[in-house]
Amino acid sequence: MSLALCFLSSHSYGQTAPSYQDQEKLHDIAKAISSQRIEQDIRTLVGFGTRHTLSDTNSTSQGIGAARRWIKSEFDAISKACGNCLDVYYQSETISGETRIPNPSEVVSVIAIQRGSHDPDRYVMMSGDIDSRVSDVMDTTSISPGANDNASGIAGTLEAARVLSQYQFSGSIVYAALAGEEQGLFGGKILAQQAQKDGWRIKAVLNNDMIGNIEGINGVINNTTARIFAEGTRQTETPEEARTRRFTGGEVDSPSRNLARYIDWMADRYIPNLDTMVIYRLDRFGRGGHHRPFNDLGYPGVRIMETNENYQRQHQDLRTENGIEYGDTIEGVNFDYAAKLTSLNAVSLAGMAWAPSPPANVQIQGAVQPSTTLNWDALDPAQNPQLKGYKIYWRYTDAPQWQFSRYVGNVDKYTLENVVIDNYFFGVASVSKDGAESPVVFPGAAGAFGE
Ligand SMILES: [Zn+2]
C-alpha cells in the first residue's frame, strides 16, 4: 500500500510527524537545568514567611519586600556572571481602590531582560509570581509558604535565566517575577501595558504558575505530563475579524494555540518522559493566571503547569483537620518535576529566540481551485540574518497538531499544487540556517503573531 493511501485510510493522528532538524544546543540547555538550585530557591522563598502582596516591606528577612529584594539580587548575580548580559529592574505601581487592594499599596515586580543581538525589540517571556496567600486573601501576616504557588514558578524563571544567559540569542528574552497575582493579576497588567506602550513585539508569554506538584487531589501521582492552557479566538478580535473567521476558520489557531503546539513539540523532542496536554481553554475552569493580561492586549501567551493539582495545598491556612494536612508547604513540591518543566520553558524560549521572527501578514488563497497559495511578508534580513527560508505546515481540520510540512525556500509566496484549501488548516513558520524554527502562523488576523 502506498504511503498516501495509508494515511488517508487510517486518518490517524500522531502517526505522521513533520521532520525537523535536531538542535544539539537545546539538548544541552534541557540537561543544564538543576533541580538542586530550584530546590534551594524555593526554600529561600518559603523562608520569607509570607509573600502576601500587602505584607511587611521593611523587614530584611520576612515579607514581600525582603522577597523581591532577594529576587532582584539573584538576577543581579546572574547578570554579573554573564558580563552584565541582563537589564534588571523593579517595575512598580501604586494600586488602590480595588477589592483586594483597598488602600494605596505598591505592587513591585522584578524584571530581567536578556537583549537579542539582531532583533532586540522581539521578545519571548517566561514568568512566575512572587506573592502568596492563605485561606483569606486579605490575611497579610499568617505563614504563607506558597512553595508550589508560586515559588516554583519564580525558582524556574531564575534557573532558566542562569542557563540561558550562557548563550546569545537573536531575539530578546524577558524573565519576569510578577507581583500582585493573587490580589488581581496586577503585576502582569502593569507589564503588559508598559510593553504595549513601548511597542514591544511580544511573540510568546510562558506563564508558569504551579510547576511542582505531582500528587493530584484525585489520587493520581504522575510526573510525566504537564498542561499548556491556551485561549481560542483572541480576546482582541473585532466583529469584522469574527465575520471573516466564520468563513475561513481560525477558532483553534490563535497565536496562543500555535505557541502551545510549539511547546508541545519541544516536549516531544527535547524533554525525556514528558508529554504535554494542550488544553483548549484560557486557564483552568473559571480560574485565572498572569498570562491573561497579555492575552487581553492581543499578545500570544499560555499557562504552563502541573497536570495534577492538589487543592488541599493551595490557598490554605496551615493546619491539620481530620488527619488531612492543609497548606502549600515545601513537602508538596517535587523538585525534579519542577526542573523538568523549567527545561521545557528553557528550550522553548531558546528555540524561538534563535529562530527568525514568526512570519507576519500571512495570507491564504485557493477557493474553487485545485491548489492552495500562501503568501507573507519577507522578513527583514538585518533583523533576521539567520533566516534560511520558510516552511509551510498543514493538518486535518480536526487534528490537534500540525501533521504535514514542506520547506519552500526563501520566498514570500508558495503554491501547494493539488492540495485543496477546504480540507486542511495551513500555516507558515520561518526557519534559520541551522534549523531553528518559529511557531507556525495561521493566516489572517485570527492567527497573527504581529509584525
Ligand atoms: Zn494562587
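This is a predicted model: local features need pLDDT of at least 70, side-chain atom pairs count only at pLDDT 80 or more; totals for chains, interfaces and linings use all residues.
Residues are numbered from 1 along each chain as its sequence is written, and side-chain values use heavy atoms, with hydrogens and water left out.

**View 1**
Strands here are DSSP runs of E with at least two residues, and helices are runs of H or I with at least four, numbered from the N terminus. Nine bridges join β13 to strand β16 (residues 424-432), and the two run antiparallel; in this pairing L387 has S432 of β16 as its bridge partner. Strand β14 (residues 404-409) also runs antiparallel to β13, joined to it by five bridges, and there Y393 stands opposite S405.

**View 1. The open sheet of eight strands.**
The strands follow the order β1-β2-β4-β3-β5-β8-β6-β7, with mixed pairing, where two strands pair if DSSP finds at least two bridges between them. At the edges stand β1 (86-95) and β7 (275-279), each with a single partner strand, so one side of each is left without a neighbour in the sheet. Neighbouring strands of this sheet are turned by 25 degrees against each other on average, direction ignored. Strand β5 (residues 201-208) runs parallel to β8 (residues 301-306) and is joined to it by four bridges, with V205 opposite G301 in β8. Helix α6 (residues 186-197) packs on the sheet, where it touches β1, β2, β3, β4 and β5, and its direction makes about 115 degrees with that of β1. Helix α8 (residues 255-270) lies across β5, β6, β7 and β8, running at about 40 degrees to β8.

**View 2. The packing of helices α2 and α10.**
Helix α2 (residues 24-32) and helix α10 (residues 335-354) pack at an angle of about 150 degrees, with their axes 8 Å apart; axes are lines fitted to C-alpha atoms, for helices over the stretch in contact, and angles run from 0 to 180 degrees between N-to-C directions. The residues that make the contact include L26 and I29 of α2 and V347 and W354 of α10, contact meaning heavy atoms within 4.5 Å.

**View 3. E237 and helix α7.**
E237 is found in the loop between β6 (225-229) and α7 (239-248), and this residue is buried, with a relative accessible area of 19%. Not counting residues up to four places away in sequence, E237 touches A242 and R245. Of the ten residues of α7, the number buried is one, so the helix lies largely in the open. Just after α7, G249 takes a positive phi of about 90 degrees.

**View 4. The surroundings of S55.**
S55 lies in the loop between α3 (35-46) and α4 (64-81) and is buried, with a relative accessible area of 7%. Leaving aside its neighbours within four places in sequence, S55 is in contact with T50, G63, I64 and T140.

Key. Buried means under 20% relative accessible area, exposed over 50%, partly exposed in between (1.4 Å probe, protein chains only).
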